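Morning, everyone. Please look at the structure on the screen, and I'll walk you through it.

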Amino acid sequence: MMSAHRVVRELHALWPRRASGLPPGQRGLDGFPRFADDPRRPPPVVPAAAMLRVRSADGDHHVISHGELRASDLVESRTSDFHCVTTWTARGKTWTGVPLAAWWRARVEPALPGTPMFAVVCGFDGYQAMFECDDLFADDVMLVWELDHHPLDLRHGLPLRLISPSQYGYKSVKHVEAIELCSQQPVSHLGAKEHPRARVAAEERHRRLPGRLVRWPYRILVPITAMVAERTLARS
Ligand SMILES: Nc1nc2c(c(=O)[nH]1)N[C@H]1C(S)=C(S)[C@@H](COP(=O)(O)O)O[C@H]1N2
Ligand SMILES: [Mo]
């Protein structure tokens, strides 16, 4: 058992603090905690031979090996801030992988032609986020396997993760298993909590409620959510 004193210290360290230069409603957090909409959901058991599955709106499947992804001549590293909808921001994270749109045009589009409007990105843990394709294929979205020049671990999305810096963190799906294109807007796995676009600059935190209104209800849950998410990982 941890002493009450240590728990309080740990929670205190996870409290988002005012900082300059952040988007509306965001605060700074030291470090980069494991986080989730449901912090009790354990990380997935990822098969050793995991592949990336891509599905067209007509149901055509393609699988792409991670080896092939890594061998792409589009591989690069980029640094961005990570903005969770609950108002914490982790600054200056460097991600290594491929820019999704450029890679998709070169590798996937020839096999799956057409211009779908929507997509769902699925994780091995059952987590899903939905996208308008304009957002998913924006220039700053990457499919990554390294964070700060180390291979992704179970905490931050092994083996493959989406990073969409202009959208709230719930769109940056960890443990990516599949990208599925859809001709109609998919039903959200997260319900009203998921804004279809979730653009940080427009404070699109929630599908129905104004962003400003949910800042505080979300913020007070940050320390406990991060603490529980870390513990779930330690126990897995
Ligand atoms: N597969 C998966 N991806 C996920 C989540 C999740 O629970 N499972 N949580 C999302 C949420 S709400 C946030 S804020 C970020 C947290 O990323 P981190 O754990 O690397 O800090 O991952 C997002 N992607
Ligand atoms: Mo989040």
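The shell around ligand 1 holds ten nonpolar, four polar and seven charged residues. Here Ala, Val, Leu, Ile, Met, Phe, Trp, Tyr, Cys and Pro count as nonpolar, Asp, Glu, Lys and Arg as charged, and the others, Gly among them, as polar. In total, 21 residues surround ligand 1, each with a heavy atom within 4 Å of the ligand. The closest are P33, D125, H156, R161 and K174.

A word on the source. This is a predicted model, where local features need pLDDT of at least 70 and side-chain atom pairs pLDDT 80 or more, while totals for chains, interfaces and linings use all residues. Residues are numbered from 1 along each chain as written, chains are lettered from A and ligands numbered from 1 in written order, and side-chain values use heavy atoms, without hydrogens and water.

Now the polar contacts (pairs of N or O atoms within 3.5 Å). A polar side-chain atom of R41 lies 2.8 Å from an oxygen of ligand 1. D125 puts a side-chain N or O atom 2.8 Å from a ligand nitrogen. S172 uses its backbone: a polar atom there is 3.1 Å from a nitrogen of ligand 1. The protein covers 98% of the 530 Å² of accessible area that ligand 1 has on its own (Shrake-Rupley method, 1.4 Å probe).

Methods: Polar contact = N/O pair within 3.5 Å; in protein donor to acceptor, adjacent residues only side chain to side chain.
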